[in-house]
Amino acid sequence: HGDSLLVAVFETQLTFGFGVCHSYTPELPRRTATRTRGHEVLEIDGRPADAVFAEMLGTSVDELRGKDLCSFSPMAVDMVTPDAGYTITLPRCLTESHGVRLAQSVEEGSSISVMRVNSNNVARSGGQAVLRALASGRVAKPAVVLAFADAARERMLGEQMVEDIAGLSRWTEGVPTVGILTSGEAGVCDDGVNRFGNGLVSTLVLGEELTPAAELWQENRQL
């Protein structure tokens with residue numbers, strides 16, 4: 001059903017950790033989304049957004065018109081909202097209103113920049129997400145790894161997707177790993193904030209050990 005939402009709630013006494021990573025490097029200068037409408041950026045720095053976005057990519061509006069922007073050039077857009085919220089999203093296409101449609105809604109006044117895929121980081125993105133999950137949850141003995149990667153990464157990375165997948169087992173060799181392609185990823189970032197974005201790799205690692213609180217509970221039961 002197109003108008004439905006699936007929610008799954010899990011409870012566990014095992015150690016677990018979250019990790020998020022990506023393969024992008026931001027480019028300067030940053031710009032300002034001066035007029036927006038939902039997912040559409042209409043003006044950037046007071047000018048038609050399609051023209052400015054084409055300049056940011058070093059091409060022309062005619063070259064971008066009618067194309068999937070992620071397929072045209074492997075990239076993402078990072079956004080900092082006026083209240084200091086931060087996310088990474090993907091550009092979709094140019095619009096008839098001389099705008100640029102993104103995968104997420106854009107708040108007027110947001111600071112934006114183009115982020116290019118860094119080929120040197122591709123093979124390390126999955127592994128870094130797993131490593132951050134191990135560290136955040138203090139998981140010493142991982143039992144299973146769940147990896148969520150944006151389906152757009154497959155189009156953007158092409159043959160490099162093989163390196164991205166192989167990198168998942170860099171720190172958890174022999175541990176069962178499940179990969180899921182998604183159209184948006186959420187996870188706890190390095191600053192401890194749970195964020196939603198696009199074009200990311202988000203991982204959940206479950207450990208074999210009980211959490212300290214669960215161990216204490218088990219000990220109290222045996223008294």
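1. In what order do the four strands of the open sheet lie? In this predicted model, the order is S1-S15-S11-S12, with mixed pairing. Strands S1 (14-21) and S12 (177-182) are the edges, each pairing on one side only. Neighbouring strands of the sheet are turned against each other by 15 degrees on average, direction ignored.

2. The pairing of S1 with S15 (residues 201-210) is antiparallel and comprises seven bridges. Within this pair, cysteine 21 stands opposite valine 201 of S15. Helix H4 (residues 122-137) packs on the sheet and touches S1, S11 and S15. The direction of H4 makes about 140 degrees with that of S1.

3. Alanine 147 belongs to strand S11 (residues 142-150). Its relative accessible area is 6%, under the 20% limit, and the residue is therefore classed as buried. Beyond its neighbours within four places in sequence, alanine 147 contacts Leu168, Val178, Gly179, Ile180, Ser202 and Thr203.

4. The largest nonpolar core comprises 21 residues, and Val41, Phe53, Leu69, Val100 and Leu102 have the most contacts inside it. At least two residues each come from strands S4 (40-44), S6 (75-80), S9 (100-102) and S10 (111-117), and from helices H1 (49-57) and H2 (61-64). H1 gives the most, with six residues.

5. Phenylalanine 53, leaving aside neighbours within four places in sequence, is in contact with Leu69, Met75, Val77, Pro91, Val100 and Val114. A second, separate core has 11 residues, among them Ile88, Leu90, Ala152 and Leu200.

Key. Residues are numbered from 1 along each chain as its sequence is written. This is a predicted model: local features need pLDDT of at least 70, side-chain atom pairs count only at pLDDT 80 or more; totals for chains, interfaces and linings use all residues. Side-chain values use heavy atoms; hydrogens and water are left out. A nonpolar core is a set of buried Ala, Val, Leu, Ile, Met, Phe, Trp, Tyr and Cys residues joined through side-chain atoms within 4.5 Å. Buried means under 20% relative accessible area, exposed over 50%, partly exposed in between (1.4 Å probe, protein chains only). Contact means heavy atoms within 4.5 Å. Two strands pair if DSSP finds at least two bridges between them. Axes are lines fitted to C-alpha atoms, for helices over the stretch in contact, and angles run from 0 to 180 degrees between N-to-C directions.
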